[in-house]
Amino acid sequence: MKLVLQSKNIEITDAIRDYVNQKIEKAVSHFENITTGIDINLSVAKNPRIAAAQVAEVTIYANGAVIRAEEASEHLYASIDLVADKISRKLRKYKERNFTKKERTDAGKDLSEDLDLALLDYNLTDNRSATLPAEVVRTKYFAMAALTIEEAVAQLQLVDHDFYMYRSAETGEVNVVYRRNHGGFGVIQPRPGGNEKNGSHSDRKVTAAT
């Protein structure tokens, strides 16, 4: 199992490295058969107004899935403890979700009731104004697996983000699933044809295939 430790604004001492290895290896000890790699990032915020400035982030690659957890506190060792516990819980949930095909279908029926499907031009901000950076400051590349909506929502919950981009198993197109401000999830899809009037959108209820 490959473990990569990186840092920002902090020197990784032997004591810190040993503590990280001990805590993270213990957290994933029951899941080594599905874990292929672990990335750990430790950082300290330079802003003195941020009390919980010591941040520990763990990303685990497990059978093609990405499982991520992040915790922050006033002490680095406490952040490591918290993130180790959190990633262990997420791994347990991920393993429990590896049901049979029939069980996944049944679970998808229940989950799909909470999904609202939106099109590409749907207003995600719900009338909030977003502030964008003046320039692109980071670029990420990742393999985009073909997933059902239900599988994409499960992956979103594993990575601790507000949205997750994936390739639709049904259409092969790039979709985005996101957390709605008022609860539940939404999915953004390209509009068929792509030449409709800007600003229009339509919603439909997601139903699981039987």
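In helix α2 of this predicted model, the buried residues (buried meaning under 20% relative accessible area, exposed over 50% and partly exposed in between, with a 1.4 Å probe and protein chains only) are Leu76, Ser79, Ile80, Val83, Ala84, Lys86, Ile87, Ser88, Lys90, Leu91 and Tyr94. These buried residues pack against α1, β2 (35-44), β3 (54-62), β4 (65-73) and α4 (149-159). Helices (H or I, at least four residues) and strands (E, at least two) are DSSP runs, numbered from the N terminus.

One aromatic pair was found, where rings of Phe, Tyr and Trp (its six-membered ring) pair if their centres lie within 6.5 Å, with planes under 30 degrees apart counted as stacked, over 60 as edge-to-face and the rest as tilted. Tyrosine 19 and tyrosine 77 form this edge-to-face pair, at 4.7 Å centre to centre and with 70° between the planes; tyrosine 19 belongs to helix α1 and tyrosine 77 to helix α2, 58 residues apart. Tyrosine 77 is partly exposed, at a relative accessible area of 35%.

The mean pLDDT of the chain (the predictor's confidence in each residue, from 0 to 100) is 76, and 69% of the residues reach 70 or more. Over residues 112-128 the pLDDT is below 50, although this stretch has 54 contacts (heavy atoms within 4.5 Å) beyond near neighbours in sequence. Where pLDDT is low, the predicted coordinates should not be read in detail.

Residues are numbered from 1 along each chain as its sequence is written, and side-chain values use heavy atoms, with hydrogens and water left out. Local features need pLDDT of at least 70 and side-chain atom pairs count only at pLDDT 80 or more, whereas totals for chains, interfaces and linings use all residues.
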